[in-house]
Amino acid sequence: MRKAIQKNDTVWFFDNYDNLHTGTVSKLFEHNGVPYARVSCSGTWNIKAADCYPDKESCLEARERKKEARISLILAQLKTKDDLIAYMYTHTVSLAEEYTDWDAREAVKRKAAEFGITLK
C-alpha cells in the first residue's frame, strides 16, 4: 500500500495527453468525495490523489499496469473477426495523432495476430 501524499510532497503523474509531469503538492482537497492534489509544476494541475506517485518509476509502472488492464478488457470483447472489424470501425485505432486510442490500437493488433492478420 502506498503512503498517502502530503502537502509539499514531490509527485509524478500523467496528464490527459499521456505526458509525464513532476511537481510539488500545494494543496489537498476533495471533489465529489474523490481526493485530489493541486500540483504546481509547469502550471497548476488538479490530479486525483490516486494518480500521483512518489517517484518516476512507480508512475511508469502504474501506467503500464493500467494500459495492460485496458488492453485485456478490449481483447475480451473481441471474440471473432466480425467483432474485430466492428470494433475497428467504431474506435480510432488508425494513426490519427492525438485522437488515436493507443491501447485499443495495441489490442486490435494483438487480436488480429491471433487471426493470422499482421497489422503494423
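**View 1. A salt bridge between D51 and K66.** In this predicted model, the side chains of D51 and K66 come together in a salt bridge, with 2.9 Å from N to O. D51 sits in the loop between β4 (43–48) and α1, whereas K66 belongs to helix α1, so the pair ties together parts that are 15 residues apart in sequence. D51 has a relative accessibility of 28% and counts as partly exposed, and K66, at 45% relative accessibility, counts as partly exposed too. A search of the whole structure finds seven salt bridges, and D51–K66 is a salt bridge of this kind.

**View 2. A salt bridge between D18 and R63.** D18 and R63 form a salt bridge in which the closest N and O atoms are 3.1 Å apart. Because D18 lies in the loop between β1 (10–14) and β2 (20–31) while R63 lies in helix α1, the pair ties together parts that are 45 residues apart in sequence. D18 is partly exposed, its relative accessible area being 43%, and R63 is likewise partly exposed, with a relative accessible area of 33%.

**View 3. R110 and E106 within helix α3.** The salt bridge between R110 and E106 has its closest N and O atoms 3.0 Å apart. These two residues, R110 and E106, are four residues apart in helix α3, and about one helical turn therefore separates them. R110 has a relative accessible area of 30% and is partly exposed, while E106 counts as partly exposed at 24% relative accessibility. Salt bridges that share partners join E106 and R110 with E68 into one network.

**View 4. The largest nonpolar core.** Eleven residues make up the largest nonpolar core, among them I71, L78, L84, Y87, V93 and V108. At least two residues of this core come from each of α1 (56–77), α2 (81–90) and α3 (102–114), and α3 gives the most, with four residues. Leaving aside residues up to four places away in sequence, L84 touches L78, V108, K111, A112 and F115. Another core, of nine residues, lies apart from the largest one and includes V11, A37, A49 and C52. In soluble globular proteins, nonpolar side chains tend to be buried together.

**View 5. The stacked rings of F29 and Y36.** The structure holds two aromatic pairs, and one of them is formed by F29 and Y36, whose ring centres are 5.6 Å apart and whose planes meet at 15°, so the pair is stacked. F29 counts as partly exposed, with 23% relative accessibility, whereas Y36, with a relative accessible area of 17%, is buried.

**View 6. The protein chain as a whole.** The protein chain has three helices and four strands, and from the N terminus on its elements run β-β-β-β-α-α-α. The C-alpha trace spans about 50 × 30 × 30 Å along its principal axes, and the radius of gyration of the chain is 18 Å, whereas a compact globule of 120 residues would have one near 14 Å. Of the 120 residues, 28% count as buried, and the accessible surface of the chain comes to about 8300 Å², of which 53% belongs to carbon and sulfur atoms. Among contacts between residues at least 6 apart in sequence, 38% join residues at least 24 apart.

Terms used. Residues numbered from 1 in each chain as written. Predicted model: local features only at pLDDT ≥ 70, side-chain atom pairs only at ≥ 80, totals over all residues. Heavy atoms only, no water. Core = buried A, V, L, I, M, F, W, Y, C linked by side-chain atoms within 4.5 Å. Buried < 20%, exposed > 50% of the residue type's maximum accessible area, 1.4 Å probe, protein only. Contact = heavy atoms within 4.5 Å. Phe/Tyr/Trp six-rings, centres within 6.5 Å; stacked < 30°, edge-to-face > 60°. Rg over C-alpha atoms; globule rule 2.2 N^0.38 Å. Areas by Shrake-Rupley, 256 points an atom, 1.4 Å probe, with all protein chains shown as cover. Salt bridge = Lys/Arg side-chain N within 4 Å of Asp/Glu carboxyl O.
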